[in-house]
Amino acid sequence: MSMFKRIRNIFAKPEAPLKERGILEIGPGDICEVSMVTYEVTGRTQNARRKAVVLTLRDGANLSYLVIEEREENKYALYRPIDGRLDSIQDVPATMDLDGVVYHLEEQYNGHVATTGRTPFMQGGDQSVWQYQSDDMKLLRIEWMDGRFMLYEGEDIPPADVRVIRGGA
């Protein structure tokens, strides 16, 4: 190595370390852990107006969905898809009884979402969401987009139970 290169290397700024992405920034190909289960993120749906992200998670053959809402503190809920059908967007009730569990409508909203990777709705657009909660704190989520309903059952997750294992840059 020449003397000039040695001197230049002494004064050169070191490369900045890559900043690890947080849970709100990860997407397809990243790895996260939820309640001590490791998942690969295969899809991401983002509602920027609500500051909400739904990550499609794969653990082997099982699919789960992590809903993250950025509020005073991030709020997390883990859902699994369930079989069910509704005939019309106008027929979504305020209370639902599924297998003896009564869910009460907490919130309904509409918004534009953007998707990347493998998600239940393969392209972005306007989406309607209904979120329910039962008396024993179980959660139900209904999504409608492009004439298609998706139903999910889940539970709230403490923030300490969610972490990024590998988030690319």
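This briefing covers the overall build, the nonpolar core and selected residues of the protein shown above. The model is predicted.

**Overall dimensions and surface**

- The C-alpha trace spans about 80 × 35 × 30 Å along its principal axes.
- Of the 169 residues in the protein, 40% are buried.
- The accessible surface amounts to about 10,400 Å², and carbon and sulfur atoms account for 51% of that area.
- Among contacts between residues at least 6 apart in sequence, 50% join residues at least 24 apart.
- Charged side chains number 21 positive and 27 negative. The centres of these two sets lie 13 Å apart.

**Nonpolar core**

- In soluble globular proteins, nonpolar side chains tend to be buried together.
- The largest nonpolar core in this protein holds 17 residues. Those that touch the most other members are I23, C32, V34, L55, L57 and L66.
- Two or more residues of this core come from each of strand 1 (31-34), strand 2 (37-47), strand 3 (52-59), strand 4 (62-69), strand 5 (75-82) and strand 11 (162-166).
- Strand 3 makes the greatest contribution to the core, giving 3 residues.

- I31 belongs to strand 1. Its relative accessibility is 16%, which is under the 20% cut-off, so I31 counts as buried.
- Leaving aside neighbours within four places in sequence, I31 is in contact with T38, Y39 and E40, and also with V164, I165 and R166.
- The C-alpha atoms of I31 and R163 are separated by 9.1 Å, although these residues are 132 apart along the chain.
- E40 is in strand 2 and is partly exposed, with a relative accessible area of 36%.
- With neighbours within four places in sequence set aside, E40 is in contact with G29, D30 and I31, as well as T56, L57 and R58.
- From E40 to G60, 20 residues apart along the chain, the C-alpha separation is 8.9 Å.

- T115 is found in strand 7, which covers residues 101-117. T115 is buried, with a relative accessible area of 18%.
- Not counting residues up to four places away in sequence, T115 touches R44 and T45, together with F121, M122, Q123 and G124.
- Q133 lies in strand 8, which covers residues 125-134. At 14% relative accessibility, Q133 also counts as buried.
- Apart from neighbours within four places in sequence, Q133 is in contact with V102, Y103, H104 and E106, and with K138 and L139.

**Helix 1**

- K5 sits in helix 1, residues 3-11, and counts as partly exposed at 43% relative accessibility.
- K5 and D30 are 25 residues apart along the chain, and their C-alpha atoms are separated by 38 Å.

**Loop residues with positive phi**

- Most residues other than glycine have a negative phi.
- M36 is not a glycine, yet its phi is positive at about 65 degrees. M36 is placed in the loop between strand 1 and strand 2.
- The relative accessible area of M36 is 77%, over the 50% cut-off, so M36 is exposed.
- D99, likewise not a glycine, has a positive phi of about 55 degrees. D99 is in the loop between strand 6 (95-98) and strand 7.
- D99 is exposed, with a relative accessible area of 84%.

Note on methods:
Residues are numbered from 1 along each chain as its sequence is written. This is a predicted model: local features need pLDDT of at least 70, side-chain atom pairs count only at pLDDT 80 or more; totals for chains, interfaces and linings use all residues. Side-chain values use heavy atoms; hydrogens and water are left out. Buried means under 20% relative accessible area, exposed over 50%, partly exposed in between (1.4 Å probe, protein chains only). Contact means heavy atoms within 4.5 Å. Accessible areas come from the Shrake-Rupley method with a 1.4 Å probe; for residues, only the protein chains shown count as cover. Lys and Arg count as positive and Asp and Glu as negative; His and the chain ends are not counted. The place of a charge is taken as NZ of Lys, CZ of Arg, CG of Asp or CD of Glu. A nonpolar core is a set of buried Ala, Val, Leu, Ile, Met, Phe, Trp, Tyr and Cys residues joined through side-chain atoms within 4.5 Å. Helices (H or I, at least four residues) and strands (E, at least two) are DSSP runs, numbered from the N terminus.
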